[in-house]
Amino acid sequence: MRSLAVLAVDDVIPFDLSVPIEIFGRAVQEDGTPAYEVEVCGVRSDVPSKFFGISCLRDLDYLEEEAGTIIVPGSMSYRSRPSDRLRRALVRAHERGARMASICLGAFTLASVGLLDGRRATTHWMAAAELSRNYPRVRVIPRCCMWTAGAS
């Protein structure tokens, strides 16, 4: 079974948090056993969101030391820099070989830590120019997430 951490940060976008939990949490192997051990990790045990609070069963030690894959959801506070503790945990996880992905505005968190430097990335189409402007080492694909009706 693979270990997967979904990061809960302040003002996390509930949809962005719930989608990887649902997708990976319900994935099963051919024999019916779970394919992933999904854990929600946070800087604190209780993370505020606009609509509700989130209780995290794991802290950043799990993210830093154990998770094989880390998903960084978007946050409405995406312009805020991550805490030093979160930055350190993400860098150490990356150094030990953890795979990382972000959802939508979560790209700002990975970019602010330097983990997207020299890589292609995208974010919500309304924030793509800001991501490119603030993190010039990231090769931003501005319209990757924008679906255009009638385009061929």
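Is Pro142 buried, partly exposed or exposed? In this predicted model, Pro142 has a relative accessible area of 41% and is therefore partly exposed. The residue belongs to the segment that follows β8 (139–140). Apart from residues up to four places away in sequence, Pro142 touches Trp125 and Ala128. The C-alpha atom of Pro142 is separated by 10 Å from that of Arg120, which lies 22 residues away along the chain.

Thr69 is found in strand β5 (residues 69–72). With a relative accessibility of 10%, Thr69 counts as buried, because the limit for this class is under 20%. When neighbours within four places in sequence are left aside, the contacts of Thr69 are Ser3, Leu4, Ala5 and Arg99. With Arg99 there is also a polar contact between the side chains, at 2.7 Å.

Salt bridges were considered next. Side chains of opposite charge can pair when their charged atoms come close. Nine salt bridges are found in the whole structure. One of them joins the side chains of Glu22 and Arg26, with an N to O distance of 2.5 Å. Both residues are part of helix α1 (residues 14–26), where they stand four residues apart, or about one turn of the helix. Glu22 is partly exposed at 39% relative accessibility, whereas Arg26 is exposed at 61%.

Another salt bridge is formed by Arg58 and Glu37, whose closest N and O atoms are 3.9 Å apart. Arg58 lies in the loop between β4 (53–55) and α2 (60–65) and Glu37 in strand β2 (residues 36–42), so this pair ties together parts that are 21 residues apart in sequence. Arg58 is partly exposed, at 27%, and Glu37 is partly exposed, at 31%.

A salt bridge of 2.9 Å, N to O, also connects the side chains of Glu130 and Arg79. This pair links distant parts of the chain, with Glu130 in helix α5 (residues 128–134) and Arg79 in the loop between β5 and α3 (84–95), 51 residues apart. Glu130 is buried at 12% relative accessibility, while Arg79 is exposed at 58%. Elsewhere, a network of salt bridges links Asp61, Glu64, Arg85 and Arg92.

Empty space was examined last. Rolling a probe the size of a water molecule over the atoms shows where such space is left. The structure holds one cavity of 30 Å³ or more. The largest cavity contains about 40 Å³ of space. Its lining includes Arg79, along with Tyr78, Ser80, Arg81, Pro82, Phe108, Thr109, Ser112 and Tyr135. By type, the lining residues of the largest cavity are four nonpolar, three polar and two charged.

Methods: Residues numbered from 1 in each chain as written. Predicted model: local features only at pLDDT ≥ 70, side-chain atom pairs only at ≥ 80, totals over all residues. Heavy atoms only, no water. Helix = DSSP H or I, 4+ residues; strand = E, 2+ residues; numbered from the N terminus. Buried < 20%, exposed > 50% of the residue type's maximum accessible area, 1.4 Å probe, protein only. Contact = heavy atoms within 4.5 Å. Polar contact = N/O pair within 3.5 Å; in protein donor to acceptor, adjacent residues only side chain to side chain. 1 Å grid on protein atoms, 1.4 Å probe; cavity = no way out; pocket = protein on both sides within 12 Å on 5 of 7 lines; lining within 4 Å. Points joined across faces, edges and corners; volume = space filled by probe spheres on them. Nonpolar A, V, L, I, M, F, W, Y, C, P; charged D, E, K, R; others polar. Salt bridge = Lys/Arg side-chain N within 4 Å of Asp/Glu carboxyl O.
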